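User: Please take me through this model, and for each term you use, set the value against its definition.

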Amino acid sequence: MIRYIRRAAALCLLLLAALLVNAVRVMVVEAGELDANPANRRGPIARWAEPRGEILVDGEPVTGSRDSGQQLRWERTYRKGPLYAPVTGYASQTYGTTLVENARDGILAGTDPALAPLPLWNELTRGRSPGGDVATTVRAAVQEAAYRGLDGKRGAVVALEPFSGRILALVSSPSYEPGVLSGTGPRVEEAWSRLTTSPNQPMLNRALRQTYPPGSAFKIVTAAAALDEGVVRDVDAPTDTPDPFVLPGTRQVLPNEAKGCADASLAYALQWSCNTVMAGLGVDVGLDGMVAAAERFGFDDTTLRVPSWVAKSNFDRRMSPDQLALSSIGQFDTTATPLQMAMVAAAVANNGEIARPYLVERTTTAGGATVERTPRDRYRQAMSPSTALRLQRLMVRAVEEGTGTNGAVPGARVGGKTGTAQHGFGNTGTPYAWFIAWAQADDAARPAVAVAVVVEDAEASRTDISGGGSAAPIARAVMEEALRLDAESRTGGAPGARGGRPSAAPAPVGPPGGPGRSTPPPRRP
Amino acid sequence: MTAPRSTGTGTGARPSGPAGGRAPKRRGVELVLLLGAVLISVCGYAEVGLAHDGAVPPDAARYGAGLGLLALLAHLAVRLRAPYADPLLLPIAVLLNGLGLVLIYRLDLETPRDQAATPQLVWSTLGVALFIVVVVLLRDHRALQGYAYVCVAAALALMILPIFFPAVNGARIWIRFGGLSFQPGEFAKILLAVFFAAYLSANLGVLAYAGRRIWRFQFPTWRVLGPIVAIWLVSVGVLVLERDLGTSLLFFGLFVIMLYVATGRTGWIAIGLLLAAAGAFLIGSVEPHVHGRVQDWLDPYASIRAGDGPGQLAQSLFAFAAGGFLGTGLGLGHSVLIGFAAKSDFILATAGEELGLLGLTALFLLYALFVGRGYRAGLSLRDPFGRLLAVGLASIVALQVFVIAGGVMGLIPLTGMAMPFLAQGGSSVVTNWVIVALLVRVSDSARAPEPAAAGPGEPARVEERAG
């Protein structure tokens, strides 16, 4: 019997050994797969177990967290949610994250390894760092001015600091309250379906992800191409463009809203927005030259991140001459995001160079130590500095005495360009009014702000003047705030400056060097 | 928790028996190990509180004192009435029981409306009391041999009784009166083990040597085999009717192991496995409850793909996976997501998630050690009844651990059963303490010096009374 007892004992131990082997299978071999299973709630539970880090504007949080008492404990809240929704995005326990909430999720949620006190610390302790903060480049005053200006109308505003590429304002309208999506449950689902099915598309980030036909605002690109390619050598010399202008290879006549455009100079064409001249110049530059110029400004770039992805602005690479003529005045298939058009204005303002636009100034740990700071980065040289200087002068003239007079700001040098985008079948859709501009205080070394405004305006007549009519005042309000903040920073923090964020202060006063040095535009004899 | 053996010998080896100490008693070792077991449990209790509320639970000292008192009383009973008992059995039982209370207390924190730790402590106290009663009153395990048919009648009655009570969660295995519920089937397994041991030991010769030879297997005559197969069929049939398939599987395994040990016929194993396979296939394809369990085992994630969220087994596997090597730490896991039966059938998932593979390995080793000590006692004994009883009781624990741990970890289809000592469940805890008491008694007989009265060559004569 002894032998049989031994064998039975061996069987029992074999069973226990099988359990151990199986435990290794489940807990080690398949553990990663099981942990990652979307039905496993442990990930979300850990993710929402602590308050999320904050997103800062001017050093003040525009976000918060609320203890819901639910399984997913901390829910996101927003201060002035609709105002900053195009910047922050939402952080929803049901629908994930977008925009900065998404792009810097690791920092905000505390999972970024850079937040750990020591390398691999969190992996060893199975802990999670407190969520870090994300300081944005957005300035509250500029953002609010833009939001007020749009006043709920469909449209978008982007304001950049031309030299650094900081995004000072990013507004999309109509907006929404992202806090309603934070939690879980039927109310959140109901809010989601209401927001996603609304005809106003409040969750669409028009500033970054909606492309519009830029209309006449695109003429700056065409002008830059004509000057850089040498098609135009003297901006004040007459061009050889008839009015009316027949599109090459067709019998279609291109009309002008402005008068006196026959054989007008480039200066006059930009000042009064002559379609005929700019279409003719686009054809003269040629397809290759126009494509290259548009791409230098950022068109057709699918890789741009701010750090959230930006929709591709389009300039077709294969076109017939008549299509090229239309594209050169921002029609046909040419489309651009408001950010792209702000970059066009910034390129002119910053002497031809586009600084890479960015929205996140720096990220910090919960204790305030800097994790990462976004450096200034050159994006592209859109045009030669001399071309930029000449275009600056032409844009200033359009504001001083031209289509863009509504954009003028006292005490500052402002250059602008209007545009009207017609769209819809037979141009029956509500037109978009554009205004792109930049502004430099008279006593400043470099421009403080470049701005693009697009607004869907049913009231506006379909003329270039409408760009100046409904979009330019918004741009002016934005530029005034930006200039005020610029002046405050140059005088070392005047009363009213929201302190505590030295990093967000615009460029230092010292000599900028290189092409950034602002010199008076050369006076032509 | 395994203290070196040498530490206790000095305190425990006190010659006291009339015939003088042949084997050291090792009661001191037992006391030291018991102290360790209580300390580990109290530390676990405190750790749960620290992790969950940032403070040691206010009643940690009381909990420790209560568990310590129970352990001390049990130890005194062993010291007085079974001085030569195996010194590992009681400490392992106390440690497992203590850890079970910690895990249940930990899960109670997540379910404020369902507090199970205090009732479990009451049941544990009852279990220890019963342990003391058995150790004190049962002076010789061979006395049980005379009650073989009483045992089997009682076992059948206990198993049939719940049929007259309403089903709970699809299984008719509970009887309820007042606020208490009891699973009589739990206790029936001890009675059956006693009966099997008595019957098999009394018919050893007949079972082993008589009978026809078919192909390579020697079969016993139906006259001998009939009653035992009949009883087995009845018990399994009753359990299928009650839908308690885990216990049914356990009885079957117990029967096969004890038959094999008694006769040494590999043919029994073959027939047993064949019967098991046939039964499993039949029940698995006919009975919808079991069919569902088998489907769940084959594909635990089917309900996730169907959009219904993870089922219990999937949640259990998630919990184990979340544990990894070292576990999340007591009080920091989310095994409560398993939902229903998290404290009873799925208690091991909490252990796996919060103590990790390391903790789980320690638990399995404790069970292995416990089972091993039971077999050890069986090997040392001279009388076949005692041997079979020890083997049977140890096998009950081993099989039960395998069936439920394999079930919740996806190794075999899940069948409801309590993890010995760990899981919530009064009947289970009480039954397990009786198993410990019987093993302590048997091991005491195995290691005690031979009384002059009973000659070493005589046990066969004693057995024959039982048949």
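**Burial and helix packing**

Analyst: In chain A, buried residues make up 54% of the 525 residues, where buried means that 20 or more other C-beta atoms, placed from the backbone, lie within 10 Å of the residue's own, exposed means 12 or fewer, and partly exposed lies in between. This is a predicted model, in which local features need pLDDT of at least 70 and side-chain atom pairs count only at pLDDT 80 or more, while totals for chains, interfaces and linings use all residues. Residues are numbered from 1 along each chain as its sequence is written, and chains are lettered from A and ligands numbered from 1 in the order in which they are written.

User: What makes H4(B) roughly antiparallel to H15(B)?

Analyst: The axes of H4 (residues 89-108) and H15 (residues 347-380) of chain B come within 10 Å and cross at roughly 160 degrees. Because angles over 145 degrees count as roughly antiparallel (under 35 is roughly parallel, 65 to 115 roughly perpendicular, the rest oblique), H4(B) is roughly antiparallel to H15(B).

User: Which residues of H4(B) and H15(B) make the contact, and how many are nonpolar?

Analyst: Among them are B:Leu96 and B:Gly100 of H4(B) and B:Leu369 and B:Phe370 of H15(B), contact meaning C-beta atoms, placed from the backbone, within 7 Å. By class, the contact has 11 nonpolar, two polar and two charged residues, with Ala, Val, Leu, Ile, Met, Phe, Trp, Tyr, Cys and Pro counted as nonpolar, Asp, Glu, Lys and Arg as charged, and the others, Gly among them, as polar.

User: How many helices and strands are there in chain A?

Analyst: Chain A has 18 helices and 18 strands, which are DSSP runs (H or I of at least four residues for helices, E of at least two for strands). Among chain A contacts between residues at least 6 apart in sequence, 69% join residues at least 24 apart.

Technical notes: Two residues are in contact if their C-beta atoms, placed from the backbone, lie within 7 Å. Axes are lines fitted to C-alpha atoms, for helices over the stretch in contact, and angles run from 0 to 180 degrees between N-to-C directions.
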